[in-house]
Each structure stands twice: as structure tokens, then as C-alpha cells.
Amino acid sequence: MDSKYIGLNHYRRYFEFKDNIPNLDEIFKYYDVILNTPYIFKQGMKKQFCDCHLCKNYDEIIDIIKDIKPEYYESAIKTINLTEIHYCNLFIMKKNDFYKFCEFMFDILFEFDRRHNFTSDKDVLNYVKDNFKSPTNFLYQSRIQAFLSERIGNIFYFQNFKKIKTFRFGNYFTS
């Protein structure tokens, strides 16, 4: 790829610049990364996760970081009580930072899958069914890796980026 910058968005969550497309070269003179505006919670990142998902999965991610990415462990512990959380894995960053992000993210997620013997979507769904009682919640909770990836991303941002530029992004709920 020839681009100096790489961004991530998806079908209903995206940066919305309208007609005012930013000059990325100018922004990256002063900032390390562009992120979406964070969500603000009264409780920290771990507590918020535990209120909606399986708390043991958050703890497993911290353990995995300790085991395979120990240079990130201190940041992982410090982010547990963060109340500003960048959801949706929306960002624009320098290409080298993107490669570091992907290595960090996928090493952790693949290890999570390995520890749970997830080799197919069916394995994940069976895990969710074993851990949640409400059938209406199964499909939502089967996106566990996505929910974990948002928290893993925040750990990466916390450790690697001190100067963050935030932008509001497209309509999250109705797209």
C-alpha cells in the first residue's frame, strides 16, 4: 500500500467529514492518531464491560496480555478504570502504527480463541449459549471478540498515543 495513513470504519459506523475532508498530513504534524469521540461512563472500562458481557472474558484478555504482550500489561491495568472509551474500532493512523495495532490486536484475539477452542462460529455460539440464559441475547453476545477488541484497542491507544485528535463520526444508531 502506498498510503501513509490507514483508517478503519464499517457499514454503520464511520467518520463523517461532510464536505470538510481533513488534511491528514497537517493533522499528523500535531497528532499521533485520529479517533472517534469517546463515550463517557461513570464506571470504568472493565465495570462497563462486566455490566454487559462476561466479566471473566475481560479478565482473560488481561491475562493474555500479561502472558504474550507483557510490555502492555501496565497499560492494560491502568485502563481498567478509564471512563472515556473509544468504541467501534474507528481510527485513522500512520501505516506503521496500523501494523503494530493489528499485530497487538490479533495476537490477543487469536490467543483468546485458542484458549477457548474456538475454531468456528458454532463454537462461539455454543460458548455463549452455555454462559447466557436468554436466547434473545445469544446472537448479540456471540460478537464477544468484537466487544473485546474495542477494549483491546483502548489499551493500545493508551500505551502508544499521547496526542489524540477526535472527530465525531456518522450516525451510529440509525444507519
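A residue counts as buried when its relative accessible area is under 20%. By that cut-off, strand S2 (residues 33-36) of this predicted model is covered on both faces. Val 33 and Leu 35 on one side are buried, and so are Ile 34 and Asn 36 on the other.

**Strand S2 and its partners**

- Strands of a sheet pair through backbone hydrogen bonds, and the pairing is either parallel or antiparallel.
- S2 pairs with strand S5 (residues 91-94) in the antiparallel sense, over three bridges.
- In this pairing, Leu 35 stands opposite Phe 91 of S5.
- With strand S6 (residues 164-167), S2 pairs in the parallel sense, over four bridges.
- Val 33 has Ile 164 as its bridge partner in S6, and Asn 36 stands opposite Phe 167 of S6.

**The sheet as a whole**

- Four strands form an open sheet in the order S1-S5-S2-S6, and the pairing is mixed.
- Strand S1 (5-8) and S6 are the edge strands, since each pairs on one side only.
- On average, neighbouring strands of this sheet are turned by 20° against each other, direction ignored.
- Helix H5 (residues 95-115) packs on the sheet and touches S1 and S5.
- The direction of H5 makes about 115° with that of S5.

**Helices H2 and H8**

- Two packed helices are described by the angle between their axes and the distance between the axes.
- The axes of helix H2 (residues 45-52) and H8 come within 12 Å and cross at roughly 175°.
- Angles over 145 degrees count as roughly antiparallel, and therefore H2 is roughly antiparallel to H8.
- H2 makes the contact through Met 45, Gln 48 and Phe 49.
- From H8, the contact residues are Ile 144, Phe 147, Leu 148, Arg 151, Asn 154 and Ile 155.
- The residues of this contact divide into six nonpolar, two polar and one charged.

- Is Ser 149 buried or exposed? Ser 149 counts as buried because its relative accessibility is 7%, and the cut-off for buried is under 20%.
- Ser 149 lies in helix H8, which covers residues 144-160.
- Which residues does Ser 149 contact, leaving aside its neighbours within four places in sequence? Ser 149 is in contact with Asn 89, Met 105 and Leu 109.

Notes: Residues are numbered from 1 along each chain as its sequence is written. This is a predicted model: local features need pLDDT of at least 70, side-chain atom pairs count only at pLDDT 80 or more; totals for chains, interfaces and linings use all residues. Side-chain values use heavy atoms; hydrogens and water are left out. Helices (H or I, at least four residues) and strands (E, at least two) are DSSP runs, numbered from the N terminus. Buried means under 20% relative accessible area, exposed over 50%, partly exposed in between (1.4 Å probe, protein chains only). Contact means heavy atoms within 4.5 Å. Axes are lines fitted to C-alpha atoms, for helices over the stretch in contact, and angles run from 0 to 180 degrees between N-to-C directions. Angles under 35 degrees count as roughly parallel, over 145 as roughly antiparallel, 65 to 115 as roughly perpendicular and the rest as oblique. Ala, Val, Leu, Ile, Met, Phe, Trp, Tyr, Cys and Pro count as nonpolar, Asp, Glu, Lys and Arg as charged, and the others, Gly among them, as polar. Two strands pair if DSSP finds at least two bridges between them.
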